[in-house]
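Please keep the structure open beside the text while going through them.

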Amino acid sequence: MDSNAPSMLKYIMETPAQVRCNIKNAESLTAKMVSLFTARPYKSVWLVACGSSCNAAHCARYYMREYLGVEVKVITPFTFNHYEHDMGKDDFVVCISQSGCSTNTIESLRLCKKLGVPAIGLTGNVHSDFEREADDVVDYGLGEEKLDFVSKGVVTLTVFLMLFALYAARAQDRINDEQVEAEKAQMLLGIDNYEEQIRNFPAYFEANKQKLLSMERVYVIGAGANYGTALEGAVKIGETVHIVAVGYEVDEAIHGPQIQLTPNYNFIFIDPGDETAPRIQQSYKAARAMTDRVFILSNNHEITGKEVMRVTHAIKEKLTPLYTLAFIQLISYYVAETNSTWKQHPLMKDYKEILSGKSATYQAYDCT
């Protein structure tokens, strides 16, 4: 496909190599963050992030909780800045922005300084506003991605947060070197699955393109770590295909949202194959009773049909976003590219002149 953007598919295809490089160099990549975290006995981690960075934090949260042995809280910058910043000396606060130019997260760094909390900025672009605003700036190993609707950045951020938790646990003697290597091997299998979907998606798209290309309203369903995947799927489809898409935890989709369903609705399910798999399957079957516009990433062989995408390697649920994110990224790209929905409405220019989430230093591809 010849992309109108420079290009979302390019960054999707770059992701596996970048992540493998980051895993290989994980100790040095995470060293600064690990040093900051192990400087004192912190009792919680606060991840302050918006948009896709927030979704990546949700993807990594359960893994981080497991290895850090402390609560990990994900909070949006607006809420942090105005309503919820009662952190203390035992709370490790990290403000995250891929571009380093998100105005609300910059304000979060300033608030940390005002309250006497270390202003730690985690970014894919260290030479940004973050460099001037933060006490400490940490590079999470993005490489480069100059695109508003990010893909490589979400996966590399998720991986960094997981690797940080792993190496912090090692530094605190919670785990040993053998366990670290075993976890990294699992991560690499997840990236093999990511790459496998890149190879297989053209055939999947061809088999399902009539329904995919006529989507109007979409529910993206996940659970656990893949609640983050569902949230990111909703954002990505909205950004690229320009239709209403909503991310739900599997059971929250049946407490009100199901009432509006018609056969014109679309579902995208993420099945990580853990203890929630039977509930995902039940929800999938219920959706199929309403509509035949249902797509799923699952290795459950009781679920069959051309709408099913499968992967080779089964890995622990907390790591599955490392490949499940590819499914929703590829759907978003192929539909947007085929339907030519990259351009935004002309009035978006007026909207952004009144309300923009980025500082004046921000530069990315202009899709207006």
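1. A salt bridge here is a side-chain nitrogen of Lys or Arg within 4 Å of a carboxyl oxygen of Asp or Glu. The model is predicted, and by this rule the count comes to 25 salt bridges. One of them joins Glu14 to Lys152, where the closest N and O atoms are 2.9 Å apart. Glu14 counts as partly exposed because its relative accessibility is 28%, whereas Lys152 counts as buried because its relative accessibility is 3%.

2. Another salt bridge to look at is formed by Arg40 and Asp90, with the closest N and O atoms 2.8 Å apart. Here too the pair links distant parts of the chain, 50 residues apart: Arg40 sits in the loop between helix 2 (26-37) and strand 1 (44-49), and Asp90 in the loop between helix 4 (77-82) and strand 3 (91-97). Arg40 has a relative accessible area of 29%, so this residue is partly exposed, and Asp90, at 23% relative accessibility, is therefore counted as partly exposed.

3. Where do Arg110 and Glu107 lie? Both belong to helix 5 (residues 103-114), three residues apart, which is about one turn of the helix, and their side chains meet in a salt bridge with an N to O distance of 3.7 Å. Arg110 is counted as partly exposed because its relative accessibility is 42%, and Glu107 is counted as partly exposed because its relative accessibility is 37%. Elsewhere, salt bridges that share partners join Glu66, Glu183, Lys316 and Lys318 into one network.

4. Lys316, a member of that network, also meets Gln186, whose side chain reaches the backbone nitrogen of Lys316 at 3.1 Å. Gln186 is placed in helix 8 (residues 177-212), and with a relative accessibility of 21% this residue counts as partly exposed. If neighbours within four places in sequence are left aside, Gln186 is in contact with Ile315, Lys316 and Leu319. For Ile315, the C-alpha atom is separated from that of Gln186 by 6.3 Å, although the two residues are 129 residues apart along the chain.

5. In what order do the five strands of the open sheet stand? The order is 7-6-8-9-10, with parallel pairing. Strand 7 (244-249) and strand 10 (308-309) stand at the edges and have a single partner strand each, so one side of each is left without a neighbour in the sheet. Strand 6 (residues 217-222) pairs with strand 7 in the parallel sense over six bridges, and Ile221 has Tyr248 in strand 7 as its bridge partner.

6. Strand 8 (residues 266-270) and strand 9 run parallel and are joined by four bridges, and the bridge partner of Ile270 in strand 9 is Leu297. In a regular strand the side chains alternate between the two faces of the sheet. Strand 9 (residues 294-297) can be read in this way, for Val294 and Ile296 point one way while Phe295 and Leu297 point the other way, and all are buried.

7. Two backbone angles deserve a careful look. Most residues other than glycine have a negative phi. Asp173, however, has a positive phi near 60°, and Ser340 has a positive phi near 55°. Asp173 lies in the loop between helix 7 and helix 8, and Ser340 in the loop between helix 11 (321-339) and helix 12. Asp173 counts as exposed because its relative accessibility is 62%, and Ser340 counts as exposed because its relative accessibility is 58%.

8. The last point concerns the surface. Which residues form a nonpolar patch there? Tyr351, Ile354 and Leu355 do, and together they have about 380 Å² of accessible area. Ile354 lies in helix 12 (residues 348-354), and with a relative accessible area of 76% this residue is exposed.

Methods. Residues are numbered from 1 along each chain as its sequence is written. This is a predicted model: local features need pLDDT of at least 70, side-chain atom pairs count only at pLDDT 80 or more; totals for chains, interfaces and linings use all residues. Side-chain values use heavy atoms; hydrogens and water are left out. Patches are made of residues with over 30% relative accessible area and no salt bridge: like charges are joined within 9 Å, nonpolar side chains (Val, Leu, Ile, Met, Phe, Trp, Tyr) within 5 Å. Accessible areas come from the Shrake-Rupley method with a 1.4 Å probe; for residues, only the protein chains shown count as cover. Helices (H or I, at least four residues) and strands (E, at least two) are DSSP runs, numbered from the N terminus. Buried means under 20% relative accessible area, exposed over 50%, partly exposed in between (1.4 Å probe, protein chains only). Contact means heavy atoms within 4.5 Å. A polar contact is a pair of N or O atoms within 3.5 Å; within protein, one must be able to donate a hydrogen and the other to accept it, and residues adjacent in sequence count only if both atoms are side-chain atoms. Two strands pair if DSSP finds at least two bridges between them.
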